[in-house]
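Here is a short note for a colleague who is new to this structure. Please read it with the model open.

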Amino acid sequence: MRSIWNGAISFGLVSIPIKLVNATESHAVSFRQVHTEDNGRIRYRKVCELEDREVTQSEIGKAYEGADGEMIPITDDDLSHLPLPTARTIEIVAFVPADRIDPLQMDAAYYIAAAGAPAAKPYTLLREALKRSHKVAIAKFALRGRERLGMLRVVDDVIVLHGLLWPDEVRAPEGVAPDVDVTVRDKELDLADALMDTLGEVDLNDLHDEYREAVEEVIAAKAAGETPPAAPAPAGDGKVLDLMAALEKSVREARESRGGTGEAEVRNLHGRGTPKETGAKKSTSTTGKTAAKKTASATASARKSTSKAGESKGAAKKATASKSTSKATEKKAAAKKAPAKKRAASGKRSA
């Protein structure tokens, strides 16, 4: 990879000769501007307004336009002699925890390479110190005509420089949040939690630019004289009429896409940390809560029914027992009366 900047890292009294290499690249499909009637290229020509003629690159310089429109020439020599220690140096000014950096400030990223064998030892020293401290280095450096803020961190065995926006370059989010009062119910939050759990995590290496692939298919089809592939039907108008219904449908579809298990398929991102197990979390689905309520209700009903049946049986037994006792008493009384009548009849006959 070709270096874009040569200089040094200033680490206290330690100076580390380094080279900067772009850490990212764009894979976007680029287009040319053409004349629609004959496909002729549209080109921009650099013309001097005073002489009304095209000029070459060697004739072009820099100038600052003043408030009155006056052009103040600035040469590369003027910029190279700026009274700044960061002109050819990445000057480390502090070490802070990584979570102190606002992601809104993150800009372009560069790999830092040691420039030659003598730089290997101090480079490794700084890298290992960053690893052991679990901190990042805040630095100032000059690149492409201006001084910038940067953050140094370690990725694998390489020190990476992230350009940072200055704090005053990040706009405050005033007037961006909804200015109406909205109440979010617990059931809606439960469903949102369930959807998040079901979607789980993703390995970023599995994601790709589908738009670029579709554009490349269109280009290939037209180059071969074929009809470009038709666009898929739109999924919907994007209007959410019922938030609860939309959340429930989203949870259902997410679970079905994962085999209908109802569990979130969670994968680690390059082994960083272990996500919480879905089973260890409290149930966040209102469907589960409804089922639990139904089960509890059914159990309570069954208990009531059993209790009533027991009471009925007990009452029936008592009634039967009292009837049996009454009949037995009546029989005994009848039996006693019968012998008495017989004895009385016998006495009458004897007389």
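1. Start just after helix α3, where G200 takes a positive phi of about 65°. The model is predicted: local features need pLDDT of at least 70, side-chain atom pairs count only at pLDDT 80 or more, and totals for chains, interfaces and linings use all residues. Residues are numbered from 1 along each chain as its sequence is written, and side-chain values use heavy atoms, with hydrogens and water left out.

2. Now α3 itself. The helix covers residues 186-199, 14 residues in total. From first C-alpha to last, α3 reaches 20 Å, close to the 20 Å expected at 1.5 Å a residue. That expected span is 1.5 Å times one less than the number of residues. Helices (H or I, at least four residues) and strands (E, at least two) are DSSP runs, numbered from the N terminus.

3. Several α3 residues are buried: E188, D190, L191, A194, L195, D197 and T198. Buried means under 20% relative accessible area, exposed over 50%, and partly exposed in between (1.4 Å probe, protein chains only). E188, at 11%, is buried, yet E188 also forms a salt bridge with R185. Their closest N and O atoms are 3.4 Å apart. R185 is partly exposed at 46%.

4. V180, V182, V184 and L189 make a nonpolar patch of about 380 Å². Patch residues have over 30% relative accessible area and no salt bridge; like charges are joined within 9 Å, nonpolar side chains (Val, Leu, Ile, Met, Phe, Trp, Tyr) within 5 Å. Accessible areas come from the Shrake-Rupley method with a 1.4 Å probe; for residues, only the protein chains shown count as cover. V180 sits in the loop between β11 (158-164) and α3. At 54% relative accessibility, V180 is exposed.

5. The structure holds 11 salt bridges. Each is a side-chain nitrogen of Lys or Arg within 4 Å of a carboxyl oxygen of Asp or Glu. One of them joins K131 and D157, at 3.0 Å from N to O. K131 lies in helix α2 (residues 120-133) and D157 in the loop between β10 (146-155) and β11, so this bridge ties together parts 26 residues apart in sequence. K131 is partly exposed at 31%, and so is D157 at 46%.

6. Another bridge links E147 and K140, with the closest N and O atoms 4.0 Å apart. E147 is partly exposed at 23%. K140 is partly exposed at 28%.

7. There is one aromatic pair. The ring centres of F11 and F95 are 5.9 Å apart and the planes stand at 65°, so the pair is edge-to-face. F11 is in strand β1 (residues 3-11) and F95 in strand β7 (residues 89-97), so the contact ties together parts 84 residues apart in sequence. Rings of Phe, Tyr and Trp (its six-membered ring) pair if their centres lie within 6.5 Å; planes under 30 degrees apart count as stacked, over 60 as edge-to-face and the rest as tilted. F11 is partly exposed at 22%, as is F95 at 35%.

8. The largest nonpolar core has 20 residues, of which I9, I18, I90, I112 and L152 touch the most other members. Two or more residues come from each of β1, β2 (14-22), β7, β8 (106-114), α2, β9 (135-143) and β11. β9 gives the most, with four. A nonpolar core is a set of buried Ala, Val, Leu, Ile, Met, Phe, Trp, Tyr and Cys residues joined through side-chain atoms within 4.5 Å.
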